[in-house]
Amino acid sequence: MPLLELRNITAGYDRNIILRGFNLEVEKGEFVSLLGSSGCGKTTTLRLIAGFSEPNEGSIIFGGRDITHVPLHRRNFGFVFQSYALFPHMTVFDNVAFGLKMRKVPKAEMRKRVMDMLALVDLEGFEDRYPREMSGGQRQRVALARAMVIQPDLMLFDEPLSNLDAKLRVRMRVEIRRIQQELGFTAIYVTHDQEECFAISDKVAIMNQGVIEQMDTPANIFNGPKTEFIARFVGFENFFDLKAEGGAWLTDSGAPIRLTQRTEGSAVKACIRPEDVLIGPPDAGFENSVPGEVLVSTFLGRHVQYNVRTAIGEFAVKAEQDHVYSIGAQVSLGLIANKIIPIPQTNC
Amino acid sequence: MKKRGMGRYIFLALIAPGVLFITVFMLIPLFWVILSTFQEGGSFSLNNYISLLDSVYFRQVFGRSVRLSLLSTGLCALLGFPAAYYISRYSRHKGMMMALAIFPMFTSPVIRSFSWMVILGRKGIVNQALVGLGLFARPQSLLYNEFSMTVGFVQLFLPQMILSLLGVMDAIPTDLTEAAGSLGATRLVAFLRIVFPLSVSGLVTGAVLVFTGCMTAYTTPQLLGATDTQVLSTMVYQYAMSLRDWAQASAVAMVMIVVTLAVSTLFNRLSRRINPLAA
Amino acid sequence: MKKIAALVLALILAVSVTAAFAEDKPYAGQTLTISTFAFNAELLQKNIYEPFMALTGCTIVADGANNAVRVSKIAEAAEGEYDVVIIGDMFVKQLMAEGKIDTIDASKLTNLGSIYENARAPMGEGYGPAYTFNRLGIVYNPAECPVEIKSFADLWNPELADYIAIPAITNTSGPLFYYGVAAAFGLTPGADDDAIFAKLAELKPNVKSNYTSANNTITMLNQGEICAAVLLDYSYTTAKSANPDYVWVNPAEGLYGGYNMLNVVTGSKNKELAELFIDFYLSYDVQYAEAMDGVDSPVRTDIELDAEHAANFTYGEMVNQLILPDWDFVTENLPAWTERWNETFGVK
């Protein structure tokens, strides 16, 4: 039985309905990310789970209990805010100890748990500092410590790393994942950064306009996006149509394409990553060959990026730099068969 | 180099009229008044103050002024906090709520006093309810006493408190109370531990304004008080206008200034205890 | 062309006619500044100021406030700021002590012969006349009052607990009341001050308000806060308009009263105009209009009023019954009386 279930949730206010008939399941110990661009409903979902707002319809089941109407302060979920929401008038110690104070934990035990947690997030010695005296990264760790020290049943993260610089973000996401695995709590993590969530999640739910388009492991989504939206999201840049005719898949210009992935229907949108498109002279003899003309050629160092015009659309190609084709060169592209992902037209 | 010098002169030239105005029309007369209270018949004397402190009447009036002002300040804080919190956090029509809150500031004292007569008078609404419900046998004396004066003060100065608090509360991010809630704090606890300490600077500003206002208010005690509930401001009026004893009037005024300054400083000190970050 | 010529001609005519009229007025362009009562401002404007302005062509600027404030204002004012002061007798004494009251050439006052003898120069030869008398009495509401009131002494009746209003000693009628209290118990102000204040202390339980504003007292009467108030006669007119059942009492102890007087302020630059104004104030038309409108009782002997209008004016026989305190004595004792009054009524 999943630890957390959202059943048929409708949420929003006035004329702004954000979630409609929304469902979600999270297993115990899982690190699940909700990924999507602004307005897709990921933050709304997280806040509903936390208890900051109530759904108009539907129910939230946690550990088998219906907690839809359980008030915020009784849910025992840790929440890490994007802005950290540290209490400015309290020291680091008091901030972290706050949740324990609410639970009337005795002083000695409280002190031990707080200090242990500070050590875990690498903030030993900072207990008497005030938030305003600390850097963004340090504050983030205080926020983390504060939420985790209460040993919550569930940890909720609302884009916690957005306000940090790139290097720190990478370091911190590794930390968060490490601590999650060490302490073993269940986490729901909201972000708009695809790389970040793929790096640390067990499962990713990609959301678009209040609906989960696909929820799966990062690898499965990366290699097998189920919708064009997701495909674009995970880096597929090249899309072309294929129609089934007489047992084979044909492009719009009639060229046959060999697919290795099975798919349904008689019309699909096929997609392929720039890295998986071979480029060579017109007589290269590639499988799934598509002739074209180079429009743009960009030298990236290790790779060269091309935009190639073909009869079936413009292709983005990323190739090693052993041979550089210049603008206007006639080339042929080879679409690596097992890298072509078909998306049934019904899903586009 | 030349440019910098010019800029400085221009700056001084611009602020000079204002500074001059305040010096001539406020600082100098104030200083002169202060000096005059230490004189009697042209020579230095503390008699003006001694005669005040000797008078039982003055001591009572002084005690009453301070007592009622503190009480009114406390009531304004107690009533103002929830009101400001509600307007800041939960109100859909913030502008309208604010307008309602500050409305009393725009009514004239005479109208206010008459309205209170209608409400608190012997035949007023409150008494009619009290007697009608059988709580009291006879109408209670709710007017022309310290009770009605306090009510009048609170009605008059509550808007100041609400506005001061509102300014500060609006600056408190909502996610702080959400964070507190997620950590197990009920709304009340979140208010006491998060909102209240962070609002203290607004509370102090409001308290100082209310206290000063109450100490110096004239028309409210005049119209809602009685002769045996005189306060310092009505006393100054009596000395200055009815008896034309300017020396005594100035001495009383000095006492008012000193007390107001002392209490304001005290409030500031207290606020720092509650919130170490308070300005 | 013809039309324009006609228009211009008409304009010239109009201007010259008005100019001619204006030039007829001997005091055109002059301003007369008077300090007077704030009470009944519109009626004063109608009955006195407008006719005078029409007659002389001057402009009248009236400054109204209560007696005590006006004394301060005039005492501190520069020479020439005020021309005429219309104020009660006690305050004329105070102003005289400050040297602010100028002498008047009695021969300029043509109406002097038509007014009561004791009104002609109450402050001594050379000083201004009185234009109205008033007396102190009691106004009570028979519907509310548990007892009938016929004298000052009646106010001590314990059944009137917390139910009466008396003037504060600093009020215009304060000293009058003080004399009335003395008379009620056969005491003399000055010599018997201790005994008088002892009696006032006994009265305290009955006193709901020690008023400084007669208007507010009338409101209290209307609202049922008090059932009786010690007031000057002209207040009764206002009170009666709110409730015709109110009863006016001429106290058995006697009619303690005073005059309101007209005087020229020292240093006036318009002395001639001022004296004309004072004379005008005593003219038949003005006195009659003021009496008919219930503003002031007339001081002319040739004015006959019917019973209705005479009802609460100090008029006719009553004028001779007026008991006037020695205002010098009052002024001398007022600070001491005020302090004792504060101690009696101001201290709990």
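Start by selecting chain C and looking at its contacts (heavy atoms within 4.5 Å): among those between residues at least 6 apart in sequence, 73% join residues at least 24 apart. This is a predicted model, where local features need pLDDT of at least 70, side-chain atom pairs count only at pLDDT 80 or more, and totals for chains, interfaces and linings use all residues. For your selections, residues are numbered from 1 along each chain as its sequence is written, chains are lettered from A and ligands numbered from 1 in the order in which they are written, and side-chain values use heavy atoms, with hydrogens and water left out.

Keep chain C up and switch to cartoon. You'll find 14 helices and ten strands; helices (H or I, at least four residues) and strands (E, at least two) are DSSP runs, numbered from the N terminus. The C-alpha atoms fill a box of roughly 90 × 45 × 40 Å along the principal axes. Of the 348 residues in chain C, 54% are buried, meaning under 20% relative accessible area with a 1.4 Å probe, protein chains only.

Next, pick residues 67-76 of chain C, which is helix α3. How many of its ten residues are buried? Eight are, so to speak mostly covered; among them are C:Val69, C:Arg70 and C:Ile74.

Chain C brings 30 residues to the contact and chain B brings 29. Together they bury about 2600 Å², 50% of it on carbon and sulfur atoms; that area is the accessible area (1.4 Å probe) the two parts lose on being put together, summed over both.

Zoom in on C:Glu144 and B:Lys123, whose side chains meet in a salt bridge at 2.2 Å, N to O. The cut-off here is a side-chain nitrogen of Lys or Arg within 4 Å of a carboxyl oxygen of Asp or Glu, and the count between chain C and chain B is one. On the chain C side, α3, β7 (207-211), α8 (214-223) and α14 (327-346) each supply at least two of the residues touching chain B. By class, that side has ten nonpolar, twelve polar and eight charged residues.

Last stop: chain A. Its open sheet of five strands runs β13-β12-β11-β14-β20, with antiparallel pairing; strands pair if DSSP finds at least two bridges between them. At the edges sit β13 (256-257) and β20 (341-344), each pairing on one side only. Select 248-250 for β12, which pairs with β13(A) over two bridges. Which residue stands opposite A:Trp249? Look across to β13(A) and you'll see A:Ile257.

Definitions and conventions: Buried < 20%, exposed > 50% of the residue type's maximum accessible area, 1.4 Å probe, protein only. Nonpolar A, V, L, I, M, F, W, Y, C, P; charged D, E, K, R; others polar.
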